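Trainee: I'm new to this one. Could you walk me through it while I ask questions?

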Amino acid sequence: MRSIQKYFLTLCLVLIVFLQSKAQEYIVTNVHVISMRNDKVLKDQFIHIRGDKVFGIYPKKDLGKFEKMEKIDGKGAYAFPGLAEMHSHIPITETGDFSYMQDVMWLYLANGILNVRGMIGHDSHLELKKKIASGEITGPRIFVAGQSLNGNSVADPESGAKMVRDQKAAGFDHLKLHPGLDMPKFLAIANTAKEVDIKFGGHISLDVGLVNSLNNGYRSVEHMDGYIEALVTDKSKLDPQVAGSFSMLALKYADMSKIPDLVKLSVEKKAWIAPTLTLFERFFGYIPADEFRLESDMKYMPGLQVQQWVNQKKLLENQGMLKEENVKPYLEFRKTMLMALHRGGVPMVMASDSPQVFNVPGFSIHNEISAMHDAGMNPYEILKTGSVNVAKYFEREGEFGVIATGASADFVLVEGNPLENLSNLRNVQGIMVRGEWIPKNVLQQELNRIETKNLRK
């Protein structure tokens, strides 16, 4: 028996050595590295890749030691760990046809987005995650939330607790909460989530409120939801029929002196913020739908999808909800609240809410970056929200989100230093996805294919 065990052990060791010897190995030369461990740029470097990991980062002068190794010329590009979309609505499939989901993954990759968190779950998302992890589908690293827990889907506290356990057992990474939960249902969800160790967050139910949500373990507050409501003392002003979408019309009743206490509580309870500024500027902003529908990014979306977005926004326009006098103060408040949270030390993750109204996957993150910068965040702080902060959020710091020895070989090459000009993030020259090099021409071919697929007929 021992001889058989010894034989199999030897066979396994031989197989491991063989596979390691066959692991893809090469260097990416002539790059300037933004590791995201700090805000410094390592000039004139090359990156050694072995398999799906970064094996080392070296100065140009050491290149002679790797003379015989396969090389990819970075042509003076800046390498950084990539961006993230931490509030996406990944498409689903009921038929096993993953083609549209693949298109969306390519839209993310072509824009330098290497990590995506889906925020309304479906069983096909778990399958997509497996296909990406195995290499069957090329895509960013995927984290998936389960089906929505809300006032309609959760009949009572017991069913809420069961949904949490079922989603954890199914393999989902996160829970997504929507409005309509009362305190008993919410507490059953929150307590069970902590018991089975699964992160949860989302919207804030009015009957629960921001303070109760934070005190009971909310991991991420999506859209900075609940902060206006927490600033309004007279809760009768929060009737959705009067307060409007996201309580924007209740802003005039908000007591801004309460902001520091809310920031302090958010820090104490270790909550994270997914701001989605661009969602509110585009969906709930005063710029009309007919302007957004003509943007060049829309060519990558099915025409029916774009028309649905137009209809959704025009419905609010026709109701008078999106008048500039209603919306402008609200958008300014969101920037003020963002900076109060940021300066107070509340961590943030990069999120735009795509594909959502006029937020084309991938492209919308660049709109979000512009909005964060306009609000007052500097380029390094913004890049952190899409890289190191994502790994920290999932308690996997050092595994990805940095360019460092031993970390996943995930990075993006862009023309120009993004720390000096954030628009350089749009100039993607190629991406490394867990050791797989995808050059600019391949990314462009995929964009061209998706554009052709969606040509209006």
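Trainee: In which loop is the place of P355?

Mentor: Quick note before we start: this is a predicted model, where local features need pLDDT of at least 70, side-chain atom pairs count only at pLDDT 80 or more, and totals for chains, interfaces and linings use all residues. Residues are numbered from 1 along each chain as its sequence is written, and side-chain values use heavy atoms, with hydrogens and water left out. The peptide bond leading from S354 into P355 is cis, with omega near -10 degrees. As for its place, P355 sits in the loop between α13 (324-343) and α14 (363-375).

Trainee: How many helices and strands does the chain have?

Mentor: Both kinds are DSSP runs numbered from the N terminus: helices are H or I with at least four residues, strands are E with at least two. On that basis the chain comes to 17 helices and 14 strands.

Trainee: What radius of gyration does the chain have?

Mentor: The C-alpha atoms fill a box of roughly 70 × 60 × 50 Å along the principal axes. The globule rule is 2.2 Å times the number of residues to the power 0.38, with the radius taken over C-alpha atoms. For 457 residues a compact globule would come out near 23 Å, and the chain agrees, at 23 Å.

Trainee: Is V31 buried or exposed?

Mentor: Buried means under 20% relative accessible area, exposed over 50%, and partly exposed in between (1.4 Å probe, protein chains only). V31 is in strand β1 (residues 25-33). Its relative accessibility is 0%, so V31 counts as buried.

Trainee: Which residues is V31 in contact with, leaving aside neighbours within four places in sequence?

Mentor: Contact means heavy atoms within 4.5 Å. The partners of V31 include G74, A77 and L413.

Trainee: What is the phi of D44, and where does D44 lie?

Mentor: D44 is not a glycine, yet its phi is positive, about 50 degrees. D44 is partly exposed because its relative accessibility is 37%. As for where, D44 lies in strand β2 (residues 42-50).

Trainee: And where does R434 lie?

Mentor: R434 also has a positive phi, near 50 degrees, in a residue other than glycine. With a relative accessible area of 25%, R434 is partly exposed. You'll find R434 in the loop between β13 (428-433) and β14 (436-439).

Trainee: Which residues have the most contacts inside the largest nonpolar core?

Mentor: A nonpolar core is a set of buried Ala, Val, Leu, Ile, Met, Phe, Trp, Tyr and Cys residues joined through side-chain atoms within 4.5 Å. The largest one here has 119 residues. Apart from it lies another core, of 15 residues, among them V28, V54, A77 and I403. In the largest core, the residues with the most contacts are L83, L175, L177, Y227, L341 and I431.

Trainee: Which residues is L265 in contact with, leaving aside neighbours within four places in sequence?

Mentor: L265 lies in helix α9 (residues 259-268) and is buried, with a relative accessible area of 14%. L265 and L214 are 51 residues apart in sequence, but 7.5 Å apart in space, C-alpha to C-alpha. The contacts of L265 are V211, L214 and N215.
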